[in-house]
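Today I'm looking at aromatic rings and which of them pair up. I'm starting with the whole structure and then picking out a few cases.

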Amino acid sequence: MGSSTSPMAIESNQVRQNTVLAMDSHPLPNIPHEIIFDILLRLPVKSLLRFRCVSKSWGSLISQPKFAKTHISLASTNTDNTHDRLLLRWNESNDLRCDLKSCSISAIMHELSDTAVSLDYPIDGSCNWEWIVGSCNGLVCGTVEKRTVFLWNPSTMKSRKLPDVGMLLDKYPAYMREIYPVYGFGYDESTDDYKVVLIFQARVDWGDENMVMVYSLRTDSWRIIGGYPRPLHVAGLGKFASGALHWIASSGSRRFIFSLDLARETYGEVSQPEYVGSRRYLTMDVLGGCLCMVCHYDGFGVDLWVMKEYGIRESWTKLAAILDKTHSLYGQLFTPICILKNGDILMAVRKRLVQYSPKDGVFYDPMIFRCFPPLSVYPYIGSLVSPDTDAGNGV
């Protein structure tokens with residue numbers, strides 16, 4: 001016997017349908033442009049790239065250079081690591097080719113291992129790069145065999161191969177047989193320009209000769225600038241902080257921090273901390289936007305210093321003193337990556353990514369990297385900044 005529907009039930013269903021139709025036909029609220037702008041600025045790049053398809057107005061807004069600049073400005077001052085990411089060179093199959101992955105630092109803090117995503121290398125042959133020169137505002141600068149230089153935004157996957165510096169090397173005088181190129185990458189805020197610095201250090205019979213070249217993204221060209229004020233040797237990659245690139249340099253037996261101001265293109269020297277004891281070697285990095293020195297001492301530990309106020313020697317602060325009571329850390333290179341919201345320091349120690357608590361003096365090993373430790377780790381920030389010269393630093 002078939003079931004029947006009561007008149008009351010039919011009437012109730014009709015009321016619900018009319019209510020849904022009324023809700024569907026109700027126009028969406030007219031949200032002011034300024035509020036939409038403010039909401040979108042707080043979203044990660046992955047979401048913004050999807051939301052460009054919501055409407056023409058949203059697509060136009062998100063693609064504007066002004067939006068990209070404001071977005072990176074807010075992301076850089078964010079204290080909860082929402083936009084901070086890591087590039088990881090990962091070898092899971094024990095072959096010659098390394099996988100390239102990206103992972104958010106927030107995922108590391110919350111042990112979310114499934115958020116590490118694979119990336120394609122930006123240009124052909126770039127799996128053999130010497131790797132990253134530096135990262136700034138979401139743009140990554142890398143080299144292949146020290147002659148091919150490129151800029152790349154891992155968040156938008158846009159890349160740009162710079163004019164060939166190999167031709168410049170080939171034009172160098174024939175009597176300079178040993179050439180040591182040293183790179184640096186940073187941002188000139190005065191002209192809203194990204195610059196790559198290339199220092200040629202050539203060894204000749206009568207001593208060392210140097211030439212400094214600067215690439216400008218605005219002009220998409222290299223040019224020579226004035227040389228050193230005195231003979232010296234620089235090593236490693238330039239570290240960008242407070243508008244200048246920095247290298248650890250040596251002149252005779254003296255070692256010091258050598259700087260190049262990207263706006264004025266002038267050279268300088270930055271004071272170092274007051275080290276105590278017999279140190280083994282120094283490395284330099286940037287931590288929380290501040291210049292950072294890592295002092296490795298013979299046999300008993302590592303000190304981590306940050307310059308809280310750029311150029312003020314008295315502002316050097318010892319952020320951590322890592323004791324090595326068991327000598328298990330001896331010979332290992334410490335590379336600070338970022339300061340986490342809880343005050344811990346994320347750092348790479350050889351092929352391990354570790355979290356160090358200065359308060360407790362304890363190391364933590366994030367679960368995400370216990371199975372497949374990365375070969376190398378490089379921090380960058382998610383942004384919409386474009387490596388294209390005609391994009392006006394927007395998507």
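I ran a search over the whole structure, and it turned up ten aromatic pairs. I'm keeping in mind that this is a predicted model.

I looked at phenylalanine 37 and phenylalanine 67 to begin with. Their ring centres are 5.4 Å apart and their planes sit at 90 degrees, over the 60 needed, so I noted the pair as edge-to-face. Where are the two in the chain? I found phenylalanine 37 in helix 2 (residues 33–41) and phenylalanine 67 in helix 5 (residues 65–77), so this pair ties together parts that are 30 residues apart in sequence.

Next I checked tyrosine 275 and tryptophan 305. They make an edge-to-face aromatic pair, with 6.5 Å from centre to centre and 90 degrees between the planes. I placed tyrosine 275 in the loop between strand 15 (266–270) and strand 16 (279–287), and tryptophan 305 in strand 18 (residues 301–307). The pair links distant parts of the chain, 30 residues apart.

Tyrosine 275 has a relative accessible area of 15%, which is under 20%, so I put it down as buried. Tryptophan 305 comes in at 10% relative accessibility, so it also counts as buried.

Back at phenylalanine 37, I saw that the charged end of lysine 66 sits over its ring, 5.8 Å from the ring centre. I also noted one aromatic cluster formed by Phe185, Tyr187 and Tyr194.

Conventions:
Residues are numbered from 1 along each chain as its sequence is written. This is a predicted model: local features need pLDDT of at least 70, side-chain atom pairs count only at pLDDT 80 or more; totals for chains, interfaces and linings use all residues. Side-chain values use heavy atoms; hydrogens and water are left out. Rings of Phe, Tyr and Trp (its six-membered ring) pair if their centres lie within 6.5 Å; planes under 30 degrees apart count as stacked, over 60 as edge-to-face and the rest as tilted. Helices (H or I, at least four residues) and strands (E, at least two) are DSSP runs, numbered from the N terminus. Buried means under 20% relative accessible area, exposed over 50%, partly exposed in between (1.4 Å probe, protein chains only). A charge sits over a ring if NZ of Lys or CZ of Arg is within 6 Å of the ring centre and within 35 degrees of the ring normal.
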